Amino acid sequence: MSKDENSYICPVCGYDGLGEPPYNRDLSYPSYEICSCCGFEYGFDDQDQDYSFKEYRDKWIKDGMKWFNPSKKPDTLDYKKQFSNIEKAIFMANANIIQMIKQYRDLTISLEELSKVIDVNSFAPPDYSYSVIICKEHVINVLEKNKREEVSELDLARWAKFIMFSEWYDYCEENSELIPSVLAELEAPLLWSNYADGDCGELKEFMGKLSPEKADSYINALRNNTES
Ligand SMILES: [Zn+2]
């Protein structure tokens, strides 16, 4: 069993002898390698069979923790140590996504770019536990971008909706009420428009309501921690 720095860890069982990373960029680009220990196939058991890492792990343990490839089974087994690898492996699998989730929080990438690595209409995966924190500085930052016309009102509305409902983000504690109330106002245009049908009639009417003055009032509310 390889113990060098370049060995790759199974996010299901913690076995650290994989030949390549189980996921290249994110959970959408699996290796289709089968773990010699637990037998999980990245890209099949998750995406085809719908197992979460935890569900598969629990099932594997319940079924007696049989090695998929017994020839790879080490002479001395230390499952406690092996399991301690799991969190790190899940983090590695998610590392690239987290980076993009952070970039989207600051609107340095667009929702279209983000949608190339995750399903933006779905929730964060069940194994995800590294919430990206959003503080008032981040909201102020994107409002300033809108004032400089770097991002549109529609960009902001989609951004607010994604922050609120995707479960990728967590509000920092001191503004955990104020931030969502500002986001709800920014997101409001989307409630009145049906994007699936491409009908933006009402939205067009709404667009332009986020004037620089209105953006400033949100910014001031956030800076002073008061309801606008
Ligand atoms: Zn495994």
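Student: What counts as a helix or a strand here?
Tutor: Both are DSSP runs, numbered from the N terminus: a helix is a run of H or I with at least four residues, and a strand is a run of E with at least two. This is a predicted model, where local features need pLDDT of at least 70, side-chain atom pairs count only at pLDDT 80 or more, and totals for chains, interfaces and linings use all residues. Residues are numbered from 1 along each chain as its sequence is written.

Student: OK, where is Tyr 32 found?
Tutor: Tyr 32 lies in the segment before H1. Its phi is positive, about 60°, although Tyr 32 is not a glycine.

Student: Is Tyr 32 buried or exposed?
Tutor: Tyr 32 counts as exposed because it has 10 C-beta neighbours inside 10 Å. The count uses C-beta atoms placed from the backbone: 20 or more others within 10 Å of a residue's own make it buried, 12 or fewer make it exposed, and anything in between is partly exposed. Asp 50 has 9 such neighbours inside 10 Å, so Asp 50 counts as exposed.

Student: What percentage of the protein counts as buried?
Tutor: Of its 228 residues, 29% count as buried.

Student: Change of topic. How many helices and strands does the protein have?
Tutor: There are 9 helices and 2 strands. Along the sequence they follow the pattern α-α-α-α-β-α-α-β-α-α-α.

Student: At what angle do the axes of H6 and H7 cross?
Tutor: The axes of H6 (residues 153-165) and H7 (residues 178-191) cross at roughly 125° and come within 7 Å. Axes are lines fitted to C-alpha atoms, for helices over the stretch in contact, and the angles run from 0 to 180 degrees between N-to-C directions.

Student: What does that make H6 and H7 to each other?
Tutor: They are therefore oblique to each other. Angles under 35 degrees count as roughly parallel, over 145 as roughly antiparallel, 65 to 115 as roughly perpendicular, and the rest as oblique. The crossing of H6 and H7 is left-handed, meaning that the near helix is turned anticlockwise from the far one by less than a right angle; clockwise would be right-handed.

Student: Which residues make the contact?
Tutor: Among them are Leu 156, Ile 163 and Met 164 of H6 and Leu 183, Leu 186 and Leu 190 of H7. Two residues are in contact if their C-beta atoms, placed from the backbone, lie within 7 Å.

Student: How do the residues of that contact divide?
Tutor: Into 10 nonpolar, no polar and 3 charged. Ala, Val, Leu, Ile, Met, Phe, Trp, Tyr, Cys and Pro count as nonpolar, Asp, Glu, Lys and Arg as charged, and the others, Gly among them, as polar.

Student: And where do the axes of H5 and H9 come in?
Tutor: Those axes come within 10 Å and cross at roughly 165°. That makes H5 roughly antiparallel to H9. The crossing of H5 and H9 is left-handed. Val 139, Ile 140 and Leu 143 are among the H5 residues that meet H9, where the partners include Ala 215, Tyr 218 and Leu 222. By class, the contact has 8 nonpolar, 1 polar and 2 charged residues.

Student: Where is Thr 226 placed?
Tutor: Thr 226 sits in the segment after H9 (212-224). Thr 226 is 48 residues from Leu 178 in sequence, but the two are 7.3 Å apart in space, C-alpha to C-alpha. Thr 226 is exposed, with 9 other C-beta atoms within 10 Å.

Student: Last topic. What pLDDT does the protein average?
Tutor: It averages 83, and 82% of the residues score at least 70. pLDDT is the predictor's confidence in each residue, from 0 to 100.

Student: Where is confidence lowest, and where is it highest?
Tutor: It is lowest in helix H8 (residues 201-206), at a mean of 52, and highest in helix H5 (residues 136-147), at 96. Residues 1-5 have a pLDDT below 50. Over residues 194-202 pLDDT also stays under 50, and the model has 5 contacts beyond four places in sequence for that stretch. Where pLDDT is low, the predicted coordinates should not be read in detail.
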